[in-house]
Every structure is written in C-alpha cells, then in structure tokens.
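Please read the points below alongside the sequence and the coordinates.

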Amino acid sequence: MAIKAREKNRIDVLQGTLDMLILQILQWGPRHGLDIANTIRTKSEDLLKIEAGTLYPALHRLEQQGGLAAEWKTSEKGQRAKYYRLTRAGKKQLLAEQSKWERLLKAIHLVMRPTEG
Amino acid sequence: MRRLWNRFKTLLLRRRQEKELHDEIAAHLLMDTQDRIETGTNPDEARRAAQRDFGNVLRITEDTRTTWGWTTADQWFQDLRYGVRNLLKSPSFTVVSVLTLALGIGATTAIFSLVNGALLRPLPYPAPDRLAAVYSVNPSPTGGLWLVSPADFNDWRQQATNFQNLAAYRREGGGISIWLSERPETIPYARVTWNFFDTFGVPPLLGRGFEVNDDQASTTSLVLSHRLWQTRFGGDAAVLGRQIRTDRGSATIVGVMPPQFKFPDVDAWVPMGCCGEMTRRSTRYWQVVGRLRDGISLQAANGEMQSIAGRLAETYAKDNKNWTAQILPFDRALVRDVDRALRILMGAVVFVIVIACANVAGLTLVRSMSRRREAALRLALGANRWRLIRQLLIEGLLISVVGTATGLVLAKWSIGAFFSLLPRTAWTPLIRFRDVAQMDSGVFLFAALISALTAVILTLVPVWGSLKLGLAKSVRAAGNQTAARGEHRLYKLLVVGQFACAIVLLAGTGLLIQSFVRMLNVEHGYDPQGLIIMSLPQPAQNRQTFVDQALERIKAAPGVESAAVMSASRFGGISFPFNREDKPFPNGEVLVRYSSVTADYVRVLGSRLLAGRSFDESDSEQAAPVAIINEKLARQYFPDEDPVGRRIVLAYNNERIAREIVGVVADVRQDAPGEPVKPEILVHWKQLPWLYGALLIRTGGDPAYVQKAVQEAIWSVDRNLPPSTAETLEQVLTAQVATPRLYMILFGLFSAVALLLAVLGIYGLLAYIVSRRSNEMAIRVAVGARRQNILQLVIGEGIRLSATGIVVGLLGTIALTRLMRSLLFEVSPTDPATLVSVALLLLFVAWAACYIPARRAAKTDPITVLRHD
C-alpha cells in the first residue's frame, strides 16, 4: 500500500524543468545516466522519477547544445559508463534556469496564496 | 574529393554515435541490475525489473536519435543517394539530359563571356564613364564618323572647356622596330599626345608618363607596356633612362605602364612629336579621347564641340567646310564595330538554351509520367508531398549541376577555339577581346543562374503535372494506360516552341551562308593569285634613291615576276580632299582614297585599264603632275564625260596641286566585301614619294621562298633595315572574310544543335504517344485499320505539330532577321528562297523523326497488346 501511495504522489516533471534538474545534479561532478536518475529520485524523496525515455533524449539534446560534455569512464564498481559533466555553457544555462525558476515559483506562490479579506 | 571525404566522415561518425548510444543503454541496464542484486533481489528478477523500469529500448533509442538533429540532413542525403541511383538506373535519360544542358549552357556561357568582356564589364580605368571619344563628322551624304586632323585636334584642345584632358593617339599599323640585340624586332606601338596617360587616369608603374617637353625633345621618349618590360627587359627597374635604338632614331625609356593598361593594344608608346604634322588640317588620321570634367554631361560637351567645329568650319572653309564633331561615350566607341554582332550572337545563343531547356523539360515530363505509379505508391505509403517534390528537385539539381559543370568545361574550351578561328589582323575586330573574354565571377554567376533556372524547370514540370492530378486520380492513372491530356498539351507546346526557335536559328544561318558565298564570289577587279604584299622600311636619308635601287634589285630577285611600291602599308589607303579644276563642286572638296604608286602598279596588280594610259617613265619628278582615277570616281564625278585629259586638284600637306588625269582603271576592291567600292586616285610615286610604303609583288613561285629572296634584295641595299613582314593577297582576302565566316560558323553550330534537339524532341514525343496509345492502335488494327492508316495518323500528328512551330517561327524570323541586316551582304533579311528552304528542311527532318515511331505503331500486333492488359 505504501508503495502504491507513493506512486500516486509522484509528480510529472514540469516541461522544461528536467534540463534544469540534470544541470543541477551535475554541478557536483560527472555522473552517468543511471546515477543522474537515481540521484533525482532520492533527492526528491521518491517524488520525482525520471523515465529513461525522457532522460536520454534530454541528455543527448543538452550534449548537442553544448551544455554537457561526455566521456567514457570506469565506475567505482568497475563498469564502463558514459559520464556527463557540466560545461561552461552548461553552468551559465543552469544559472539562467535557476533564476527563471525562482521567479516562476514566486509568481505561482503569489497567485496561489489565500486572498486576504 | 573533399565532399566525398566529408560524406565518409559523416557516415563514420554516425555509426560511432549509434554504437555509443547502444553501449550507454546496455551499461545503464547492467548497472541497474547490479544495484538490484546488491539489495538482495535474485539475478533473473533483477534483470527483468531493470528492463521493465527502463522501458522500450528501441523507442528510447529512436527518440534519442532525433535529438541529434541530423534527420533533415539525413533525409536529404538519403534522397540524394536515391536520386543518384535513380538517374543511374535510366542512363539514357540522364546522359541525354546532361549533354543537352551542357551544349546549351556551354554555348551560352562562351558567348556570354565574350559579351561580358567586350560590352558589359567596365573599362579598367578610373571613372571610365567620364571618358569620351571625339570624332569629326563628314558633311557628304556617305557621312559617318571620321578621325581627326592634327590641326583640328589642336584647336579643339585649346578651345574646349568641358574636358579635363583631351588627348590624341594613333596606333601605327607597321609597328616600331627596336634593336635589343643584333637583329631588330617589330613591336606594336602607338604615338600619343603627352597627356594621354593622364586622360585615362592611369599612372605609370615605374618612372613617368610623357611631359609637354617630350614633344619637343631631340631624343624620343618611350614608355613600355608591362608585358614587354617583363619579357624583353626581365622586369628590371634599371631600364629607366636606358637608350635603345629604334627605326625612329635613338629613344630613351622613361616609364613602364601597369599590366592592365595596354590601350590601344600596343606594347610601347612614344610622343606624337611636335613638328610638321600639327599644321595638317585636311588629313584626318588621329583618334581623340577626352576625360570630361565632373558634372559635365555628354550632351553639354557635345554641344560645345559642335560649336567649336562650326567656328573652325568657317575659319578654315578650305579644309573644314561643313565638317562638324561628335562625341560618343568611350566604351561605346570602342565596340562600335562589334556591338551589334555580339548582341545578335547573344540573342541566337538564348534560342539555343531555350530549346535545350524545352528538350530536357520534355524528357522529364515523360519520365515523370512513367514514374507516376511509383509516386502514387509512395504517397499511399505515407510519404509526404514535400518529400516527393524534394526528390524531384534533387534529381533536377543533379542533372543541372552536372550539365552546368560539363557546359563550363565546354565553354572554356570553346572560347579558346573561338579566337583560334580568327587571324590576328586588323580585319578581325573581335580579336582584340581575346584578353577580356575570361570566365570571371560574372560569367560564373550567369552560369549558376541558368543552372538554377533549369533545375527549377526540371522540377516544376513534373510537379505541375502531379499537382493538377489529385492523389486518387494519379493512382488510377498509374494503373490505367489512358494518357493525361494536360501533360500532353504541355509536351506538345514544348515541341512547337522548339521548332519555332529552331527555324529562327536556321534562317539566320541560311542568310549568313548566302552572304558568305556572295562575299567569296565578289568581283575583286584584280587577280589575287600569286600576289604578295610586303612592308618596305625606308632609311632615314636618301629615301628616293633607296626605293629606286631596292625596286630594281627586287625585280631581279628569283621568283619575282613583277613588283611595285605603293604608299599604303597594306591594301587600302588614306583619304585626301580633291576637287575638279574646271567645275569645282558646289559644296567644296570631297574626300577620296589616294595612293602613291610606282609606274608598274596597275600591271602588277592585274587590274584593267579602261581608258587612257598607265604611268610610265616619262612621268618624272619634273614632268607635269598626272593622276589615274578608278571607274567609280569617273562615274561619280565625271558623269557622261570623258575624264581623261581633265584636271583635278589634290590637297596634300596644305598644298593644292593640279594634276592631269591620264587614265581610268577598273574598280579594285580593297576593303572587306561588305564595304562599297570607294572612289580612288592614283598618283605617281616619283611625283609624290611617301614616307612609308609597301611592296606589291607578283610571283609564280612559293611565297615563302620569294619573301626570303626579296628580303635579301632589300638588305643588299641597306643592311640596317628591320625585317619586312609579308602577307599573300589570298591571306588578306581570307582575313577579310574571317569575321563573317566566324559568325556563319557560330550560327551554323547553334542551328545544328537546335535542329538536333528539335528532332530529339519530336521523336521523343511521338515515341511516347505511340507507347501510351498502343491500346488504341491495337483496337484500330483489330477493327480493320490498315498499316497505312496508322502510319498516316502518327506522322500526321507529328507534322501538324512541327508545321505549327515552323509557321510561328517564320513570323518570328521575319521580325528578327531584320536585326541582322548589318551582318548580311547582298541578301535581304527576309530572302524568300532562304526562308522557304529552311522551312522545308525542317519539315523534312521532322517527317523523318516521326517515321520511326510511326512505323513501330503500324507494326502493332493487336493480340499481344490487348492480351497484355
């Protein structure tokens, strides 16, 4: 039952925020795709689950746009995997997305707060 | 090569990226499975869970791939490969289309390079639109533009206020001889006034141009062309100040011009010189060019020149009565003689490219109709319409690009061939454009435009057809053998158009051939066989003795039958004013051709004496002055009179000398056959020796051998003279008709291409119609039509189309050949015999082209055809 409830509480990632989340996670160092998906899930306390079907196109798109760079490395468990890291352009994009996101939050908050009187 | 490499790299890269994605997903699944095993799930279950969690691998792979952003490029590449494969699959279509376009584009580009160089590209001087040529205009009804006399030029320059600079120049036909080693060499040169280079605004590359003092200086100054400086002086800057020996005395090199300045097609320039000449007003042989002041219009300058000329005509009524002046833009003046011809050639070549395009469009149309089934299938399977159009566009582009590339190679080659058809003499005005007819960026742009245009035509023709027919209809049409009427009409229109264009070209060719034949058969008035003209340089002193001695030895030289000296350095001469002594002309003196010749001239030439006597030894320096006139002059100025014994007054160097006419000779045609015979006066060399002259030699032997013998004879009198140049009269005559011959050859080539393409066009159409209508034919045969009926049916269709084209074309021809009048000789531009014969020729060729498909149709076996469906 607990699992079911959690599934139900899961939120679809808002259009356009996935890129920001990926960039945010990669701030602390290079990671591979599975790692990124797992990190987002644990950090959001299982509220956000990124499907591989959305993650990989997003990663490849960011790579094409130059926000991410990738190289093949061996993980601590001895598995070769494609590691993505933030480029200078990616960092800039992250900053821009963050401030946009904060303004959006503020705006939504203003609209949604209970009216006074 | 580079493109191939890029394509290869893209393929490699693409493959690597695919593999990486595959590996990445595999690693993802593997790591996920491992993680799950570590948390205690059993391996099988873990693998399944990881796969379930990941989702549809194929779809994710596909989705990810789309982010690479290559798909559009990929599709283009795919279409390109498909297009190449498709074209290779129908090689006959591809080869015929490419060759057709290559012929059309090659011809058009070659002619355009010439037109571009000669007419369109601005002259390589600063502000070329400020340059103007000034001419004298003759009062007589034959009129026209004349060169300018030194005295007139001098007055113009002093009085005209609208010119920054007004300069005169004269390109000396014989060239200047310079001694750089033991043997002298002759180079083309011009005499110019000191401000000549300033007028063009082109400063010398090295040293200086001319100064006012150069005209008076005791030694001649000399400016070299860049080419001569490079080839004969090794590009050495130390040439400045160097003295060289010339046949005009010692000369000092004062400057070198930059490479782009060669005007008027010479390798050296010397100052006009000051003295003697400047007082001549009756002889007009200087070219005048001026640079207008800023803000002065051509009309204003023209008005001023005419009023100056008007004043001079009053002041110097003796020489200038009724003479006026005329200004032309310099660039127009330079191409005055070839402008019309080049435009006509360009027009002709436009017809060629139109026919070529129509032909390829027709081929494409047929091909697209037979590909309708394929298109319908692709549409039904979900291909989008744009993708289909793109496919056609790519195939069109492929053909036009390959066709254009081939055409450019053809053009490059044919420009070279074009100029090699022209002898390098003054008779062929086009030769001076050999340097400017280059494949420059303008020409490439032109070729690219034509290429793009043809690609669009190649695409639009089939698209137009398929857009008119809806999808469902085209699927049905594909299955069914009924012809699509709209497309047939388009195809028929193309064929009619081809025939209309072809007959215009053929008629033009026919007229030019007729003119040419008439030019070859023109009456010369003398016997050109075995005649040689050789230049005869004269020493600075004792010219008369030299000429007498040289002529004596030349006559004795082996192979020489007879010889004479004449004043013109080549055939033709210069004009001087003359008048009748007994009855002066009411409008004053008239300009006529004028040659000074030695006693044997008429006999050597093989001309006929019509009345009186020829010159003889009795006509010495001291004897009474005599003259011989030609028939034309006798007819024109002594109508119904016997001119022999009458006296005429000839102007020479401001003197007027009366001479008695002692004989009349038959007209001798000296100019190109297109020119009318001019009135001419001959005077005796002894009574009027000339500063320069040429030998006229009659021989029965080998011209090269005789030339050597004559040269030895000249050198035996004076060892220091530069070598003489020689031409046989036959060479001169060939050169005279070289330009008309070239026009005829070009027109002939264009018409041959046009004819071939028109024939291919009508053949293709009928073959197609026959194949589409095989059902109908079979039914006709089955219900009793005879072979003859079918044959008539098909040929009738072809003849109807070509006849329509021919009639339309003939109307166009009558309108257009009128523009060719200046290229024609003794042929009317609407010569009925020519028009009728080319129409019949075209009709016959059309009939032959129709016969083959018609025969195939007539052989239709009804059983096979009807069973086939």
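This is a predicted model: local features need pLDDT of at least 70, side-chain atom pairs count only at pLDDT 80 or more; totals for chains, interfaces and linings use all residues.

In chain B, 82% of the contacts between residues at least 6 apart in sequence join residues that are at least 24 apart.

**Chain B overall**
- The secondary structure of chain B consists of 27 helices and 22 strands.
- Of the 869 residues in chain B, 40% are buried.

**Strand pairing in chain B**
- Strand β18 of chain B, residues 647-652, pairs in the antiparallel sense with strand β14 of chain B, residues 574-580, over 3 bridges, and in this pairing B:F578 stands opposite B:L650 of β18(B).
- β18(B) also pairs in the antiparallel sense with strand β19 of chain B, residues 655-665, here over 6 bridges, and B:Y652 stands opposite B:E655 in β19(B).

**Contact between chains A and B**
- The contact draws on 15 residues from chain A and on 17 residues from chain B.
- On the side of chain A that touches chain B, the elements giving two or more residues are α3 (33-43), α4 (52-65) and β3 (80-86) of chain A, and the largest share, 7 residues, comes from α4(A).
- By residue class, that side of chain A divides into 5 nonpolar, 5 polar and 5 charged residues.

Methods:
Residues are numbered from 1 along each chain as its sequence is written. Chains are lettered from A and ligands numbered from 1 in the order in which they are written. Two residues are in contact if their C-beta atoms, placed from the backbone, lie within 7 Å. Helices (H or I, at least four residues) and strands (E, at least two) are DSSP runs, numbered from the N terminus. Ala, Val, Leu, Ile, Met, Phe, Trp, Tyr, Cys and Pro count as nonpolar, Asp, Glu, Lys and Arg as charged, and the others, Gly among them, as polar. A residue is buried if 20 or more other C-beta atoms lie within 10 Å of its own, exposed if 12 or fewer, and partly exposed in between; C-beta atoms are placed from the backbone. Two strands pair if DSSP finds at least two bridges between them.
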